[in-house]
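Have your viewer ready and your selection tool at hand. We will go from stop to stop, and at each one you will hear what to pick and what to look for.

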Amino acid sequence: MTTAHDTQAAEKVPAEALDPADRLRLERAFTVPRARFLAGIPVALILLAWSFWGAEFNFAKLGEGSVNMGEFLARLLPPDFSKFGTIVALLVETLQMAIVGTVLGAVFSLLVAFTAASNIAPRWLYYPARWLMNIIRSVPDLVFALMFVSAVGLGPFAGILAMTLGSLGSIGKIFAEAMESVDRGPVTAMEAVGASKRQVIQYGIVPQAAPLLVSYTLLLFEGNVRGATILGLVGAGGIGLELTTAMRMYDYGHLSAIIICIIVLVTVIDQGSALIRRKIT
């Protein structure tokens, strides 16, 4: 999108003085969409309609079920905070799991990202690393949690291991793409003066990608806090097990209190992460 600043700059600089890439960018803002883009619109609409039909999405059924939804929400009132101490203790455990899982996941993801970035890793290492991340990303975290529960037993340790392994597939790919998107100018300059590969990565790539890496790590932490509540469903620690027990026992007041506390925790973390991201970007 062309901003007012770009337009003013273009007016002040003679056309012959513009860089060819800048001129193309400014001209592209006024071009008519290509024919293949217009032809893709009906294809996208057909694909969307096919997906709605295959997934049996039904607005009428949703309207009919809204009454049952209202009845369920009514059962959640009023919330019962008689077990508030237990809820807080489990939320603290969930937060601890997310912190450890995020730190371990970010560290291992960064190491894997160095092997999965096309501007860093050789081809023989790049493709296997990408395939490995694709395989990990395709497996749900609950499957990893079940695997580690069977290996190390019930408890938060299994959940931490599941979050760490799951992070390699998701955040590792994002870390690699952040490194691939850095400005090539400083990297080319360092290579021209004979800098080693380590120096190029340490001083040319990582400093440029650092703000994105920190931002994505904060997003990973937010996701791990929410994910830890789910991993507890299979006994991998956190508040998920208490949540499942309340649902099975039809203890709706206790269930409501748990949900409220989870919402408060996630909101606080989200606001804190947003503040940190604004400071570093």
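## Stop one: an aromatic pair on a helix

Select Y127 and W131 in helix α6 (residues 123-138): they are four residues apart there, so about one helical turn separates them. Helices here are DSSP runs of H or I with at least four residues, and strands are runs of E with at least two, all numbered from the N terminus.

Before going further, a word on what you are looking at: this is a predicted model, in which local features need pLDDT of at least 70 and side-chain atom pairs count only at pLDDT 80 or more, while totals for chains, interfaces and linings use all residues. Residues are numbered from 1 along each chain as its sequence is written, and side-chain values use heavy atoms, with hydrogens and water left out.

Now show the rings. Rings of Phe, Tyr and Trp (its six-membered ring) pair if their centres lie within 6.5 Å; planes under 30 degrees apart count as stacked, over 60 as edge-to-face and the rest as tilted. That rule gives five aromatic pairs. For Y127 and W131 the centres are 6.2 Å apart and the planes meet at 35°, so this pair is tilted.

Is W131 buried or exposed? W131 is exposed, at 54% relative accessible area, and Y127 is partly exposed at 39%. The cut-offs are under 20% relative accessible area for buried, over 50% for exposed, and partly exposed in between (1.4 Å probe, protein chains only).

Then pick R123, which lies over the face of Y126, 5.5 Å from the ring centre. A charge sits over a ring if NZ of Lys or CZ of Arg is within 6 Å of the ring centre and within 35 degrees of the ring normal.

## Stop two: the salt bridges

A salt bridge is a side-chain nitrogen of Lys or Arg within 4 Å of a carboxyl oxygen of Asp or Glu. How many salt bridges does the structure hold? It holds three.

- E177 pairs with R130, with the closest N and O atoms 4.0 Å apart. E177 lies in helix α8 (residues 156-180) and R130 in helix α6, so the bridge ties together parts that are 47 residues apart in sequence.
- E180 also forms a salt bridge with R130, at 3.2 Å between the closest N and O atoms. This pair links distant parts of the chain, with E180 in helix α8 and R130 in helix α6, 50 residues apart.
- E177 meets K173 in a salt bridge of 2.6 Å, N to O. Both E177 and K173 sit in helix α8, four residues apart, about one turn of the helix.

Check the surface again here. R130 is buried at 13% relative accessibility. E177 is partly exposed at 36%, E180 is partly exposed at 27%, and K173 is partly exposed at 25%.

## Stop three: a bent helix

Move along to D183, in the loop between α8 and α9 (184-192). D183 is partly exposed, with a relative accessible area of 48%.

Now select helix α10 (residues 197-231). Its 35 residues have end C-alpha atoms only 40 Å apart, short of the 51 Å that a straight helix would reach. The expected span is 1.5 Å times one less than the number of residues. Where is the kink in α10? Look at A210, shortly before the proline P211, for a kink of about 50°. The bend at a residue is the angle between axes fitted to the seven residues ending there and the seven starting there.

## Last stop: H254 and its surroundings

Select H254 in helix α12 (residues 252-280). H254 is buried, at 3% relative accessibility. Leaving aside neighbours within four places in sequence, H254 is in contact (heavy atoms within 4.5 Å) with D80, K83, I87, E242 and A246.
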